[in-house]
Amino acid sequence: MPLYLWKRKDGRSPYWYVRGTVTVWRDGRKCSESIKQESCGTADRAEAEAILTQVAARYQRGNIENRDAPATFSDLVNSYLDAGKSDRYLLPIVRALGDLEVHQLSQARIDAEGRKAYPHVQPATLRRQWHGVINAVLHHGGISLRLKLPAKSKSTTRYCTPKEAEAIIHACASSRYRDPWKPALAETLFGTGCRAGEAMDLDARRDVSLEYGTMTFRDTKNGSQRTVTLAPRTIAALARLPNINKPGPLFRRPKGRLYAEKNHVGGHQLRFLRAAADRVGVTFNPHMTRHSFATWFYCQTKDTLRLRQRCGWNTPSQVDRYTHLAPDQVGLDAVQLGWDFRVSGGLAEHLPKIDALRA
């Protein structure tokens, strides 16, 4: 059967694959070369069709030179995925390197393509989303090339005080259009310590229970699902969303419009948070909400084990990175504003208290 495109039905990967046979000549004999499954590295049909043509050309070149077609980086990725490995961050890598034969891979080429794919990121992002993933694929394929990773960047992110967080949330709520989602998203980030991408993947019915005061994050960075108990302040904010308990994305744009799908390169930027912080004079980046939550939580509980579980961290060093030394008064200030991580419960118990605090 000639080469054709095929996609998995089990949902394990969104990518198209090439299958079929090509005709080659070996030792003067006509042979049929079978391609069981070669990843195109893309979910786009038009791109996959172009890659199918490139795959056929590669085998034809091997036929002319009377040798087997050389392995490409896409071949290594295909083997990597067949072994059940994660496809996280692979799409931009395959687009840049997929057609390269293994012997063409080099540190300089990979570094240059990484800077093109991630032009405005810190070295730590390249380590995690580019060089580290490529190293994993090469190692799985038995390739001896080991990439030198970009230098680790020093952590300079600070935490917000509860009063600064309060000012940012109020700035998010100050809009000429009624938009309950922006302040609720800000309160969720400060109140759970979740990543922006984790918050944007929440389903309003499936992942949030106001009755029990819990939230479940399924699509996480380390692949492990986790359920957290919500602070009273976060419960109250979510209760005011018009789409709560309805299927579909929990957080939306004004008038209930959906956000665009996650950018594989940069993720969700949440520019409205930066703009709100600028209006109240706070130097801010979205990851500060995670540092803030960790610091407030520790000030109130001194419980590093529960903090690790809440944030989905695998090692104690991540607790040290995100938790800043702060006076216990910071934790008490957070409690006064509804960020009480010592208690749990459903909406009925806490909503009157939160309404009084926000009045």
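Q: Which residues form one aromatic cluster?
A: In this model, which is predicted, Phe190, Trp296 and Trp339 form one aromatic cluster.

Q: And how many aromatic pairs does the structure hold?
A: The structure holds 8 aromatic pairs. In one of them, Tyr118 and Trp130, the ring centres are 6.1 Å apart and the planes stand at 75°, over the 60 degrees needed, so the pair is edge-to-face.

Q: Where in the chain do Tyr118 and Trp130 sit?
A: Tyr118 lies in the loop between helix H4 (107-117) and H5, while Trp130 belongs to helix H5, and the two are 12 residues apart. Tyr118 is buried, with a relative accessible area of 2%, and Trp130 is buried as well, at 0%.

Q: What about Trp313 and Tyr322, stacked or edge-to-face?
A: Their ring centres are 4.9 Å apart and their planes are at 20°, so this pair is stacked; both Trp313 and Tyr322 are buried.

Q: Back to the helices: at what angle do H3 and H5 cross?
A: The axes of H3 (residues 90-97) and H5 (residues 123-140) come within 10 Å and cross at roughly 75°, and the two helices are therefore roughly perpendicular to each other.

Q: Which residues make that contact?
A: On H3 they are Leu90, Pro92, Ile93, Ala96 and Leu97, and on H5 they are Gln129, Trp130, Val133, Ile134 and Val137. These divide into 9 nonpolar, 1 polar and no charged residues.

Q: Last topic, what is the mean pLDDT of the chain?
A: The mean is 84, and 85% of the residues reach 70 or more, but over residues 345-354 the pLDDT is below 50. Where pLDDT is low, the predicted coordinates should not be read in detail.

How values were computed
Residues are numbered from 1 along each chain as its sequence is written. This is a predicted model: local features need pLDDT of at least 70, side-chain atom pairs count only at pLDDT 80 or more; totals for chains, interfaces and linings use all residues. Side-chain values use heavy atoms; hydrogens and water are left out. Axes are lines fitted to C-alpha atoms, for helices over the stretch in contact, and angles run from 0 to 180 degrees between N-to-C directions. Helices (H or I, at least four residues) and strands (E, at least two) are DSSP runs, numbered from the N terminus. Angles under 35 degrees count as roughly parallel, over 145 as roughly antiparallel, 65 to 115 as roughly perpendicular and the rest as oblique. Contact means heavy atoms within 4.5 Å. Ala, Val, Leu, Ile, Met, Phe, Trp, Tyr, Cys and Pro count as nonpolar, Asp, Glu, Lys and Arg as charged, and the others, Gly among them, as polar. pLDDT is the predictor's confidence in each residue, from 0 to 100. Rings of Phe, Tyr and Trp (its six-membered ring) pair if their centres lie within 6.5 Å; planes under 30 degrees apart count as stacked, over 60 as edge-to-face and the rest as tilted. Buried means under 20% relative accessible area, exposed over 50%, partly exposed in between (1.4 Å probe, protein chains only).
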